[in-house]
Amino acid sequence: MSQSNTLSNPEVLESTVENARKVTLGLPIGSKFPEFDYVDLAGNRIEYSELRDKLIVLNTWFVGCTGCKQEEENLKKLTEELKDREDIVFLSFAMSSPQKIERYFSKRGDFGYKTASVDRKWVNENFNIELSPTHYIIKEGILVELISIPIYSPQLLDWYKNRILEFSSES
């Protein structure tokens, strides 16, 4: 039986999520999320201060990350399903050069998140994170969810989507 099939058991799914939370380093849930200001790959400036009224769904990853590749199709599904939600913004900080990211997206396509190239050291210093992928949900400037696990199965995708919707203002 594949691991994805075992995740259809709610107890196994919850255990998988709890185990991932235990090994996830990073900012404590409930802490103020660090300010950021960046230009995404499309050349658009994205300022944290302008996003405070939205639920921010943030992913940190890098080109070559195996777990990041595993979750791409599910992240595409997630952003497609929630694309009309004006209260939710999907951002990604890719710890790879812009050229590497653009080559990668030209071969595989993006996954619906506005993406910026950032320095790994900046992510480590600001978010105390070293594992990829790591997923953050930020509401009103406060970190409300943090987990370092690839969203690789339909069950994890459903869990993650439900977490996002729990915190959304339109639920």
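**View 1. Ser-153 and its surroundings.** The backbone nitrogen of Leu-156 lies 3.0 Å from a polar atom of the Ser-153 side chain. A polar contact is a pair of N or O atoms within 3.5 Å; within protein, one must be able to donate a hydrogen and the other to accept it, and residues adjacent in sequence count only if both atoms are side-chain atoms. This is a predicted model: local features need pLDDT of at least 70, side-chain atom pairs count only at pLDDT 80 or more, and totals for chains, interfaces and linings use all residues. Residues are numbered from 1 along each chain as its sequence is written, and side-chain values use heavy atoms, leaving out hydrogens and water. Ser-153 sits in the loop between E7 and H6. Helices (H or I, at least four residues) and strands (E, at least two) are DSSP runs, numbered from the N terminus. Ser-153 counts as buried because its relative accessibility is 0%. Buried means under 20% relative accessible area, exposed over 50%, partly exposed in between (1.4 Å probe, protein chains only). Gln-70 is 83 residues away along the chain, yet its C-alpha atom is 8.7 Å from that of Ser-153.

**View 2. The five-strand sheet.** Five strands form an open sheet in the order E5-E4-E3-E6-E7, with mixed pairing. Strand E5 (114–117) and strand E7 (142–147) are the edge strands, and each pairs on one side only. Neighbouring strands of this sheet are turned by 20° against each other on average, direction ignored. Two strands pair if DSSP finds at least two bridges between them. E6 and E7 pair in the antiparallel sense over five bridges. Ile-137 has Glu-145 in E7 as its bridge partner. H4 packs on the sheet and touches E3, E4 and E5; its direction makes about 145° with that of E5. Axes are lines fitted to C-alpha atoms, for helices over the stretch in contact, and angles run from 0 to 180 degrees between N-to-C directions.

**View 3. Strand E3.** Seven of the seven residues of E3 are buried, so this strand is largely enclosed by the rest of the structure. Both faces are covered. Leu-55, Val-57, Asn-59 and Trp-61 are buried on one side, and Ile-56, Leu-58 and Thr-60 on the other. E3 and E4 pair in the parallel sense over seven bridges. Thr-60 stands opposite Phe-93 in E4.

**View 4. His-135 in strand E6.** His-135 has its place in strand E6. With a relative accessible area of 0%, His-135 is buried. Its side chain makes a polar contact with the side chain of Glu-71, at 2.8 Å. Leaving aside neighbours within four places in sequence, His-135 is in contact (heavy atoms within 4.5 Å) with residues including Leu-58, Asn-59, Leu-75 and Tyr-160.

**View 5. Helix H3.** Helix H3 covers residues 66–81. The expected span of a helix is 1.5 Å times one less than its number of residues. The 16 residues of H3 should therefore span 22 Å, and the end C-alpha atoms are 24 Å apart, which agrees. H3 has a kink of about 45° centred on Glu-72. The bend at a residue is the angle between axes fitted to the seven residues ending there and the seven starting there. Among the buried residues of H3 are Gly-67, Cys-68, Glu-71 and Leu-75. The buried residues of H3 pack against E3, E4, H4, E6 and H6.
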